[in-house]
Every structure is written in C-alpha cells, then in structure tokens.
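Work through the exercises below with the structure open. Each task is followed by a solution in steps.

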Amino acid sequence: MKNIVILGGGTAGTIMANKLFQTLARDEWQITIVDQDETHIYQPGLLFIPFNIYTCNDVIKPRRDYIPKGVELIVSSIDVIEPDKSRVKLANSRVLSYDYLIIATGTRIRPQETDGLAEAGWHKNIFDFYTIEGACHLQKYLKHWPGGKMVLNIVEMPIKCPVAPLEFLFLADWWFTEQGIRDKVDLTFVTPLPGAFTKPKAAAILGDFLDKKNIHLISEFNTGSVDASTNKLVAFDGTEVAYDLLVTIPTNMGDAVIERSGMGDELNFVPTNKNTLQSKAHENVFVIGDATDLPSSKAGSVAHFQADVLTENMQRAIDGLPLLDGFDGHANCFIESGFGKGMLIDFNYDVEPLPGKYPLPGIGPFSLLQETKANHWGKMMFRWVYWNLLLRGSELPIQAQMNMAGKMR
Amino acid sequence: MPVREIAGKQVDFDDEGFMTNPDQWDEEIAKVLADEEGIAQLTDGHWQVIHFIRNDYKEKGQSPTIRRMNKVGNIATKDLYEWFPKGPAKKAARIAGLGKPQGCV
C-alpha cells in the first residue's frame, strides 16, 4: 500500500479526503487524515453568532462524520513535518511516512502579534469573531450592550474571508436597528486597505453601502498597538482611534507546525505554485486552502475549487503526467448585507469582482454586486450545501474555473 | 503605458505610477521618485530599505510586505513609518522602482 497523508481536517482537508477516496484505487492507496480535535466548525456561520441568528451549537458537528469510513482519521497535534524524509511526526509519537502529502492546516488569528490586543481587554470589550469562543463571547456581550462606539478593525492583510468584516458591519447596522438602539451606536470600520475592499470596483460599490448605512470608514490605518487601559487603537504613525467596543480581525498566520518544519514564509504560509497547487520546495507535497501563500482569497469556496484541481493533479502526479495549471484563483462569495438581503461576488486572479448576473443551473441567476433577497437565501441555504454536498466531495453545478458569462465590465 | 523621462532616461510606469521594469531603475531615479512622495532627502535608513526590498524582489519576484521587511530584513516597523510615512510598503516599493506590493485579496 502507498500512503497519502492529509494534514488538517477542515474544509479543504475533508473535501480532499472524500474526493481522493472516491477516485483512487482502494487496494493501492491508504489515505490518512490528521486533525488536532474532533469538532468540525462551519466557519461561515461564525459571522451570524454574535447577532443571535445562529447559536453556538448550530455551527459544530463531529469531524469524523464527514470522513469516509475507509480513510483513517487520527486525532493528534502535529509535531513536525520532515519533507526531506517524506514523513510526519505526530504529538502522540506516531510517525507517518507518505508518498504524497497534502497540507491543509489553514490559517488562524494571532492577536498576540499586536501589542496590547490579547491582554486586559481581550474578551472583555475586545472580541474576535473568527473563533467559536470569540463569536460566542461577543453574542453574550452584545445582548447587554447599551450602545456606544463600536470599532471593527482589520489589523493586517491577508485575512481569511476578506468580505466577513463588511458583512459583520452590515449585520451590526441591522441588529442595532432591530434592538432600537441604532441611534446610540457609532459604527466605524478601521482598515489598512485604501478602501472598503481589496479590489477597486467592489471597493467603490461596497464603500457606497457603508455610506448609505452610516458606517464610517477609516482607511490606510496600520494598527501598531492597542491601549486597553484607555480603549484606543494606535497606528504605527501615531494616529489614534477610540472605541468602547472593539471587534478585531487580528493578524492571520498559518499553523505553527509550518514554522517548526521550516516550510513557511514570514506568516507561516507555504510557498505554493499558484496554478498547480504543488509546493514550490517539494515535489510530493501539495498545499490547499488557507495554508497556501497564494494571492487568492482565503475562503471555503476557494478551497472547494482548488480541491477539484488538486484531485486531478494528484492523479496526474501518480500516473507520472505533467501537472495542469488548473487553478485560476476563482472565488465566489455571498456577502450578507443585512435586513434579509445579500450580494454576491465572483472573481479570480485576473478578473476583479464585476457587476452583472451569475447564472446557476436550476436555481439562479443570482445578481452580482447588487443587493437581493435571493442572495441572502443563497447564503442561508449554503449551510445545508456545506454539510451535505460540499464536504462530501459531491459534484456541485459550479465550475472550478471562473466564467465571464453574465458579468459586465 | 506612460513613459517618462527621468534623469535622462526613458522610464516605463503603470497607471498607478509604479515602474514596470526594475532594470531601468537607478539611484538618480530613486531621488526623483522620493521627492514626488514628499521625501526630500534619502538617508542611510531609506537606502537600507530600498536595497533590501530590491534584493528581496530579485529573490521572490514581488515587493515585500512590511512584516517581511521586519522579519527578514530586520527593519523596525516604527522606522519604516518614520522614513516612509503613511504607506511604507507602497512608498518604498515605488521609490525602489518595483511594482505595487500585492496587498492581498
């Protein structure tokens, strides 16, 4: 038997375990997947928890329910990857040798990277919503918050799901309106980017939305530290922004095992070929999802499109064929905009998010960069799609590569 | 694509004012671009940054982020903001004749 080892049982790793189990000869290949815990979190749902749309229990399920029976799931942290010896040492002292390795260890928030952020104010009046702990603490806090100055801050790019901060603000505007205290809340978005989003057309349209919803934008703010005693964000150039409640998206970094194994860049992301998903340093190592250093979004849709490409490239590698440049940076994201509406963006490395229509056989079309009720329902339905189709590696009526049909320049 | 004459040389720029061919760059051009960014005098600190990011670009094929200048180049973030106020990564890349740093997506 030959071995494929997958590190990380999140969105990307779970899809790969399912797809490879469906495609590879079972009498030739043993697939092993390693994760440090038993619980799979539906990460797109974390956004909804602070606003009581989902409970904390709505977003978790047992990880092993989504791993095929013929794939071995090992619950352990990873001690170190030794790519030159093609093996992985686990914290439970098992050693896994592999013919091919798939790194799907993701990204996580590192509030410790910013002075003062993870200290006195952490989970008191400073919260994140990228972890289930943060989102659930914030839910309780918001329930009793009388209003004041809420600042939403991106410390530095890149971050997982770059639209989530905007969605959070749109939902906050709706939530405080529903609670009857919108007039007592000042909402401010503090970002290192030059505008509301990374890409110009979408930044302009989303910037207008911020205006319309009376959400203030402070751009090109590079957070240097947080002073939790006076409740202030301080930029590297000395500029300050005061807050009563800080919702922060801290620095995102790849898993520490990447650093321990000497395989990452300065943010512990693994240098990866942007089209084939092969590691730049090791031929029998592939990287997928948030763990890569690619200039694509760190998002579940991206992991899903990459999984289609990687499944094919793994088979080609096994059969000794050249890899395909199959991944084009495709991302597809619903943006919840509050009051039961949503938007949709669809883009890749070369084509920024554009307005227009997004055809989807059987269900669509959805409107791109435009607020509609259908987009909101698309987003809410997605939880079912995620657990029942996406993770299990089922075919979805959506192509891995981006399509220009319906888009307007 | 705009072409400008600087210090007696024809220099290619993109629409956002970043040079498109790092090989056309020299220190005279850097001084002119620095002036346009409101930096009247390039000090040793400035040059240390410029040389680091040009070398790093040669190695990696893209302009480094602030974190990379910090971790790999050993340049303190505070200094970067002092030498290249507002947007150090962007300003330093422009003065060093490199493309706009790939912020992110």
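**Exercise 1. Aromatic pairs**

How many aromatic pairs does the structure hold over all chains? Classify the pair A:Trp145 and A:Phe176 by its geometry, and state which parts it ties together.

Solution. This is a predicted model. Over all chains, it holds 18 aromatic pairs.

Step 1: the ring centres of A:Trp145 and A:Phe176 are 5.6 Å apart and the planes stand at 55°. Planes under 30 degrees apart would count as stacked and over 60 as edge-to-face, so this pair is tilted.

Step 2: A:Trp145 belongs to the loop between helix H2 (132–144) and strand S12 (148–154) of chain A, and A:Phe176 to helix H3 (residues 164–178) of chain A, so the pair ties together parts 31 residues apart in sequence.

Step 3: buried means under 20% relative accessible area. A:Trp145, at 8% relative accessibility, therefore counts as buried, and so does A:Phe176 at 0%.

**Exercise 2. Helix H7**

Where is the kink in helix H7 of chain A centred, and which residues of H7(A) are buried?

Solution. Step 1: helix H7 (residues 373–390) of chain A has a kink of about 35°, centred on A:Trp384.

Step 1: at the start of H7(A), the backbone nitrogen of A:Asn375 has a side-chain oxygen of A:Thr372 within 3.1 Å.

Step 2: the buried residues are A:Asn375, A:His376, A:Gly378, A:Lys379, A:Met380, A:Val385, A:Tyr386, A:Trp387 and A:Leu390.

Step 3: A:Tyr386 and A:Trp387 are also members of one aromatic cluster with A:Tyr42, A:Tyr66 and A:Phe382.

**Exercise 3. Domains**

How far apart do the C-alpha centres of domain 1 and domain 3 of chain A lie?

Solution. Step 1: the domain assignment gives chain A domain 1 (2–45 + 60–108 + 253–318), domain 2 (109–246) and domain 3 (331–390).

Step 1: the C-alpha centres of domain 1 and domain 3 of chain A lie 27 Å apart.

Step 2: to their contact, domain 1 of chain A gives 17 residues and domain 3 of chain A ten residues.

Note on methods. Residues numbered from 1 in each chain as written. Chains lettered and ligands numbered in written order. Predicted model: local features only at pLDDT ≥ 70, side-chain atom pairs only at ≥ 80, totals over all residues. Heavy atoms only, no water. Phe/Tyr/Trp six-rings, centres within 6.5 Å; stacked < 30°, edge-to-face > 60°. Helix = DSSP H or I, 4+ residues; strand = E, 2+ residues; numbered from the N terminus. Buried < 20%, exposed > 50% of the residue type's maximum accessible area, 1.4 Å probe, protein only. Bend = angle between axes of the 7 residues up to and from the residue. Polar contact = N/O pair within 3.5 Å; in protein donor to acceptor, adjacent residues only side chain to side chain. Domains from an automatic or database assignment. Contact = heavy atoms within 4.5 Å.
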